[in-house]
Amino acid sequence: MGYPKFEYKYLLPNALIDRVRDDIAPFVTVDDHVKKAGGVAYTVRSVYYDTTDLIAYREKREGEALRRKFRIRGYNRQEDEASLFLEIKKKADNRLFKYRAPVRPADVRALFDTRDVHMYVASDSEVVREHARRFFYHYDSRNLQPVINIVYERAAFTDGGNPDVRITIDSGLRSARAEAIDDLWNDAATRPAMATHGILEVKFIAGVPAWMRAVIQRYELRRMALSKYTICLESHQHVLPPGFANAGGTGARLPRYSVLRPLM
């Protein structure tokens with residue numbers, strides 16, 4: 001599925017997750033990543049980076065038309081052969097862009113130390129290497145720091161008739177403070193951020209298919225401005241590190257606001 005694309009999000013009560021999965025089953029193909037994980041979902045792990053004044057958080061909170069999030073992403077369990085990914089997720093108005101570059105876990109530290117994308121980015125594509133350069137441009141110019149590790153289970157599907165439509169159901173959202181990339185694998189420190197709901201996401205290029213619209217209407221799901229980063233960061237507002245959000249040595253206290261606001 002190419003970029004740019006659109007992404008609609010819906011708050012999904014846990015009690016409806018299995019029903020929605022059953023309803024979409026005739027129209028979708030299970031994602032290959034789910035099949036490789038050997039179950040109904042795979043685990044997504046992301047250490048998010050932000051500035052000391054939390055500009056990525058504030059851009060989302062204030063509804064900026066152009067905003068970015070920066071993260072290191074991994075999947076499932078810690079395995080030497082499994083790639084990690086440098087990622088920038090950019091929103092421009094309603095369009096979604098993603099810049100992504102793979103790196104072997106054993107090479108992450110060397111890549112950060114040297115910025116040698118030819119040596120350490122696990123791709124021969126110059127476009128992908130440019131994605132890594134873009135990540136480090138923001139990392140250096142914004143003085144990005146690790147803030148939070150976000151973990152959840154993802155069930156993923158592709159429209160059987162249109163590969164440009166992808167549907168995901170994310171559940172078990174949990175998070176912990178992060179100080180380094182290695183925190184990506186520290187499940188023991190995480191705590192629930194949204195215990196009673198999951199998030200249904202529909203990603204598309206040309207439009208939401210009619211069968212998906214019918215499911216959304218059947219359960220009266222409302223499109224919402226949901227951000228896992230914002231939800232998790234606010235759940236940890238009393239344990240942010242010294243120096244963030246001009247907090248001095250006491251830790252930041254973020255202003256609470258409704259991240260669950262509906263979109264018209």
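**Exercise 1.** Is F204 buried or exposed?

*Solution.* Start with the cut-offs: buried is under 20% relative accessible area, exposed is over 50%, and partly exposed is in between (1.4 Å probe, protein chains only). F204 comes out at 5% relative accessibility, so F204 counts as buried.

A quick word on the ground rules: this is a predicted model, where local features need pLDDT of at least 70 and side-chain atom pairs count only at pLDDT 80 or more, while totals for chains, interfaces and linings use all residues. Numbering runs from 1 along each chain as its sequence is written, and side-chain values use heavy atoms, with hydrogens and water left out.

**Exercise 2.** Describe the ring pair of F6 and F204.

*Solution.* Rings of Phe, Tyr and Trp (its six-membered ring) pair if their centres lie within 6.5 Å; planes under 30 degrees apart are stacked, over 60 edge-to-face, the rest tilted. That rule gives 14 aromatic pairs. In one of them, F6 and F204 sit 5.7 Å centre to centre with 20 degrees between the planes, a stacked pair. Strands here are DSSP runs (E, at least two residues), numbered from the N terminus. Finally, F6 has 27% relative accessibility, so F6 is partly exposed.

**Exercise 3.** Work out the setting of T43.

*Solution.* T43 belongs to strand β3 (residues 42-50). With 14% relative accessibility, T43 counts as buried. Beyond neighbours within four places in sequence, the contacts of T43 (heavy atoms within 4.5 Å) include G74, Y152 and R174.

How values were computed: Helices (H or I, at least four residues) and strands (E, at least two) are DSSP runs, numbered from the N terminus.
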